[in-house]
2 protein chains.
Amino acid sequence: MDIIEELRKCRERDIPYSRVLSSMCTVPHPVALKAHELFVETNLGDPGIFVGTRELEDRVIRLLGELLHNKECKGYISSGGTEANIQGIRSARNLKRVRNPNIVIPKSAHFSFEKIGDILGVEIRRADLDENYRVDTSKVEEMIDENTVAVVGIAGTTELGQVDDIKTLGELAMERDVFLHIDAAFGGLVLPFMNKKIPFDFEIDGVSSITVDPHKMGMATIPAGGILFRSEKFLRALEVETPYLTSKYQFTLTGTRPGTGVASTYAVLKHLGYDGMREIVQRCLKNTRILVEEMEMIGFEPVIEPVMNVVSFHCSEAERIKEELYRRRWVISTIRNPRAVRMVIMPHVSEEIIKEFVAELKQLLH
Amino acid sequence: MDIIEELRKCRERDIPYSRVLSSMCTVPHPVALKAHELFVETNLGDPGIFVGTRELEDRVIRLLGELLHNKECKGYISSGGTEANIQGIRSARNLKRVRNPNIVIPKSAHFSFEKIGDILGVEIRRADLDENYRVDTSKVEEMIDENTVAVVGIAGTTELGQVDDIKTLGELAMERDVFLHIDAAFGGLVLPFMNKKIPFDFEIDGVSSITVDPHKMGMATIPAGGILFRSEKFLRALEVETPYLTSKYQFTLTGTRPGTGVASTYAVLKHLGYDGMREIVQRCLKNTRILVEEMEMIGFEPVIEPVMNVVSFHCSEAERIKEELYRRRWVISTIRNPRAVRMVIMPHVSEEIIKEFVAELKQLLH
């Protein structure tokens with residue numbers, strides 16, 4: 001099989017995770033890889049065949065629901081955060097049929113919301129942020145009108161790891177009777193394991209749905225996104241009939257879909273338990289502090305004091321530095337407003353890697 | 001790691017493919033599994049990191065394009081046929097902005113088009129079929145109006161494996177200047193390897209885009225769908241900006257997405273070559289004929305003479321028989337119009353399995 005040799009050569013041209021400080025994905029946990037292998041043939045799009053895998057998905061959703069303060073939530077493991085966000089907004093749109101639907105999202109929301117607006121035919125209204133880069137809830141309130149089908153809050157912004165004031169957004173959602181979707185694709189598996197408690201999930205009454213991606217901080221294999229709804233009626237708003245399958249209805253966006261994400265998510269959560277997850281999250285947070293200290297020593301200042309393991313540093317030459325580092329096979333990313341370099345301190349980013357990286361960055365600056 | 005033991009027990013409750021005659025998926029080819037393993041960490045959502053995997057995707061698209069008579073086509077490996085169909089229709093809709101868009105599809109189109117209509121806010125017009133269960137092209141013509149953004153043709157219907165008259169649909173599309181999307185999710189990797197040549201792909205001028213799923217007859221690992229566009233402009237209609245990634249634009253529906261489908265598709269196509277693929281397709285067709293003969297011997301009549309390796313048999317008690325077989329851990333499916341039992345003769349469905357299955361079906365009837 002020399003085709004495998006050819007593929008290995010391709011794969012070697014990829015940059016290894018040990019040089020990647022820009023990604024919200026990471027090296028899967030070893031137990032995730034084992035679980036993945038066991039389920040590589042499975043297809044959750046045909047649950048009458050994959051009976052065992054289907055039940056496992058229910059258990060995964062219950063585990064995630066327990067963690068996010070709602071054992072009764074309904075949902076599924078999706079192809080990723082974009083599908084999860086599409087489905088949250090689609091449910092909201094379908095439950096409140098209006099001619100020109102809009103959603104109010106923070107300016108800090110992930111770029112994929114533009115894609116979602118295009119796909120679903122929903123106008124995107126981006127509310128300004130306050131001085132801490134959290135959405136200004138008074139601006140959100142002003143933007144809501146009779147055609148608003150959902151408000152979105154972010155728990156772990158892509159650029160800064162900031163968490164919106166979900167409590168106030170929840171009150172607003174209740175008052176104005178509007179669907180509240182939380183994009184916790186990243187933060188959903190960080191916030192529950194932090195010492196500082198920041199409310200963001202179903203414990204806040206107004207929250208209707210949450211995106212939480214096991215293939216980010218859950219160390220599951222790709223693809224493993226997650227969409228959780230407070231109750232069944234929200235999931236029902238997504239259903240279509242499935243005449244030739246072993247099930248009668250389908251609420252997922254995709255048809256055929258792998259069971260690997262379900263298995264690897266379950267494996268990691270059960271193998272590590274809350275204590276093991278807390279340990280990994282705490283290490284990422286500690287490494288984030290180390291990175292901040294090291295960066296401060298060479299003259300960089302964080303845009304905000306990091307809330308979780310995402311941090312951006314003011315830098316007028318962010319693009320040039322990113323490109324220079326990329327030539328040396330280090331990957332970081334940049335943000336535009338304010339101009340800054342951005343890093344995500346995932347489980348694969350060790351203290352050693354951080355020191356090596358900062359040393360090379362320092363060299364490059366002189 | 002006793003968690004793996006627990007997962008193994010779940011997995012054992014799934015029905016093995018050796019008892020499945022209803023699915024358009026199959027056991028992945030061994031070379032696909034090897035390729036999959038090698039790429040299990042990859043994320044094509046971040047092509048600046050996964051440079052080698054990204055290039056491999058270009059090669060896969062070129063391979064598929066060559067097979068479907070357009071080396072210059074543009075596209076990508078998607079999460080499956082539904083994403084591919086969404087993206088085809090979304091491109092069409094975005095290129096012809098009208099207030100109340102509609103698409104004209106055959107009544108035989110896959111149920112996921114209902115989902116697509118809901119997601120994209122596009123009215124679905126289902127054209128009647130002729131006596132051979134191909135779309136009646138004169139009905140399609142009647143249904144096209146100024147708000148029609150696309151016409152859809154099916155190359156390998158889910159229920160009967162029938163192929164629409166794509167040539168006439170192509171002429172219609174040219175005449176009426178409308179986008180023509182071909183759903184060849186199943187047939188796209190069957191038709192090129194059949195002795196009888198049935199035109200369905202880019203060799204027909206009017207065809208704008210094609211869905212072709214390697215995780216069906218391509219024996220790749222799930223998820224591996226495919227969307228191919230005749231030229232770049234169609235792909236461009238899907239782009240959004242990606243501020244924090246290593247690329248500038250994203251045209252995929254999902255963000256983070258595995259490279260496993262790309263690697264396993266490439267591995268199978270290159271390892272088997274056209275000759276190897278032809279051999280597998282021919283064996284499936286031969287086994288389909290064997291199934292038809294065996295079924296006729298116990299009194300069943302096919303709805304149409306099978307075109308490819310999908311076949312339905314008239315059966316007034318289709319539902320009862322399906323359920324009875326399911327209790328014995330055999331999986332088939334049913335269709336409603338006409339009432340029939342349906343089988344798909346994938347590479348895992350050997351002559352031996354067919355004989356065992358028909359023997360048990362015969363027993364059950366008496």
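The legends below describe close-up views of a predicted model.

**View 1. The seven-stranded sheet of chain A.** Seven strands of chain A form an open sheet in the order β1-β7-β6-β5-β4-β2-β3, and the pairing is mixed. Strands β1 (74-78) and β3 (123-127) of chain A are the edge strands, each pairing on one side only. With direction ignored, neighbouring strands of this sheet are turned by 20° against each other on average.

View 2. Strand β1(A) pairs with strand β7 (residues 225-229) of chain A in the antiparallel sense, over five bridges. Within this pairing, Ser78(A) has Gly225(A) in β7(A) as its bridge partner. Helix α3 (residues 51-67) of chain A packs on the sheet and touches both β1 and β7 of chain A. The direction of helix α3 of chain A makes about 110° with that of β1(A).

**View 3. The contact between the two domains of chain A.** The domain assignment divides chain A into domain 1 (8-26 + 273-365) and domain 2 (30-269). A distance of 26 Å separates the C-alpha centres of domain 1 and domain 2 of chain A. To their contact, domain 1 of chain A contributes 18 residues and domain 2 of chain A contributes 17 residues. On the side of domain 1 of chain A that touches domain 2 of chain A, the elements giving two or more residues are α9 (260-297) and β10 (310-314) of chain A. The residues on this side of domain 1 of chain A comprise 13 nonpolar, three polar and two charged.

View 4. Chain B is superposed on chain A by a rotation of 180° with 0.0 Å of shift along its axis, at an RMSD of 0.0 Å. The two copies are therefore related as by a two-fold rotation axis. Leu120(B) is the residue of chain B that comes closest to the rotation axis, with its C-alpha at 2.6 Å. Both copies use the same surface, since 100% of the contact residues of chain B recur in chain A.

**View 5. The three-stranded sheet of chain B.** An open sheet in chain B consists of three strands in the order β10-β12-β11, with antiparallel pairing. Strands β10 (310-314) and β11 (333-335) of chain B stand at the edges with a single partner strand each, so one side of each has no neighbour in the sheet. From one strand to the next, the twist averages 35°. Strand β11(B) pairs with strand β12 (residues 340-344) of chain B in the antiparallel sense over three bridges. Here Ile335(B) has Ala340(B) in β12(B) as its bridge partner.

How values were computed
Residues numbered from 1 in each chain as written. Chains lettered and ligands numbered in written order. Predicted model: local features only at pLDDT ≥ 70, side-chain atom pairs only at ≥ 80, totals over all residues. Pairing = 2+ DSSP bridges. Helix = DSSP H or I, 4+ residues; strand = E, 2+ residues; numbered from the N terminus. Axes fitted to C-alpha atoms, helices over the stretch in contact; angles between N-to-C directions. Contact = placed C-beta atoms within 7 Å. Domains from an automatic or database assignment. Nonpolar A, V, L, I, M, F, W, Y, C, P; charged D, E, K, R; others polar. Least-squares fit on C-alpha atoms with pLDDT ≥ 70 in both.
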